[in-house]
There are 2 protein chains.
Amino acid sequence: MEILKVSAKSNPNSVAGALAGSLHDNHSVELQAIGAGAINQSIKAIAIARGFVAPHGIDLVCIPAFTEVEINGDEHRTAIKLIVEPR
Amino acid sequence: MEILKVSAKSNPNSVAGALAGSLHDNHSVELQAIGAGAINQSIKAIAIARGFVAPHGIDLVCIPAFTEVEINGDEHRTAIKLIVEPR
């Protein structure tokens, strides 16, 4: 599954475009976000991407889950992964 | 559809419990959140609620969308609604 890392500074429209493009090639895409700002941008991106793909008959849903990510080679932090796929 | 309002100070475990309880009585539940902190708590609550209902054979998904809410009777703000329902 392709993973798109989203930060608090990511542009939701850009992430939505990347998400829609990636869903053209993959069944599911994972957005990975650490912190409230990054999760906020991810959720906005998914709402926008729903509009991009809806005219093609695709109803996107998202599945939120916790995950552990490694930062700088050894530090571990809890991140949120949002698995996005057609219903 | 029942609406649960989530704030940045909401406890994700408590929201998850309310969500799971509400899904027992309704097909879908809407979480309504304004701001990054509230969206963060909502997403954590959905991830936790997935664990509550999974043993009952329910695979929860969420559909993020934009909505307008009225605050203090006249001010309008853009909020995020997260529609949560079984896949």
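This is a predicted model: local features need pLDDT of at least 70, side-chain atom pairs count only at pLDDT 80 or more; totals for chains, interfaces and linings use all residues.
**View 1. Chain A and chain B superpose by a rotation of 180° with 0.0 Å of shift along its axis.** The RMSD of this superposition is 0.0 Å.

**View 2. The interface brings 22 residues of chain A into contact with 22 residues of chain B.** Interface size is often quoted as the accessible area lost when the parts come together. Here chain A and chain B bury about 1700 Å² between them, and 75% of that area is on carbon and sulfur atoms. On the side of chain A, the residues that lose the most area to chain B are A:Ile43, A:Pro64 and A:Arg87. Together these three account for 30% of what that side buries.

**View 3. Polar links cross from chain A to chain B.** Three residue pairs are in polar contact between the two chains, both partners being at pLDDT 80 or more. The elements of chain A that give two or more residues to the side touching chain B are helix H2 (36–53), strand S3 (60–71) and S4. Helix H2 of chain A gives the most, with ten residues. Sorted by class, that side of chain A has 16 nonpolar, two polar and four charged residues.

**View 4. A salt bridge joins B:Arg87 to A:Glu85.** The closest N and O atoms of the pair are 3.0 Å apart. B:Arg87 lies in the segment after strand S4 (75–86) of chain B and A:Glu85 in strand S4 (residues 75–86) of chain A, so this pair joins two chains. How accessible is B:Arg87? Its relative accessibility is 41%, so B:Arg87 counts as partly exposed. A:Glu85, with a relative accessible area of 11%, is buried.

View 5. B:Asp59 itself is partly exposed, at 32% relative accessibility. B:Arg87 lies in the segment after S4 of chain B, and B:Asp59 in the loop between helix H2 (36–53) and strand S3 (60–71) of chain B, so their pair ties together parts that are 28 residues apart in sequence. Now for a network that takes in residues of both chains: salt bridges that share partners join A:Arg50, A:Asp59, A:Arg87 and B:Glu85.

Definitions and conventions
Residues are numbered from 1 along each chain as its sequence is written. Chains are lettered from A and ligands numbered from 1 in the order in which they are written. Side-chain values use heavy atoms; hydrogens and water are left out. Copies are superposed by least squares on the C-alpha atoms of residues with pLDDT of at least 70 in both. A salt bridge is a side-chain nitrogen of Lys or Arg within 4 Å of a carboxyl oxygen of Asp or Glu. Helices (H or I, at least four residues) and strands (E, at least two) are DSSP runs, numbered from the N terminus. Buried means under 20% relative accessible area, exposed over 50%, partly exposed in between (1.4 Å probe, protein chains only). Contact means heavy atoms within 4.5 Å. Buried area is the accessible area (1.4 Å probe) that two parts lose on being put together, summed over both. A polar contact is a pair of N or O atoms within 3.5 Å; within protein, one must be able to donate a hydrogen and the other to accept it, and residues adjacent in sequence count only if both atoms are side-chain atoms. Ala, Val, Leu, Ile, Met, Phe, Trp, Tyr, Cys and Pro count as nonpolar, Asp, Glu, Lys and Arg as charged, and the others, Gly among them, as polar.
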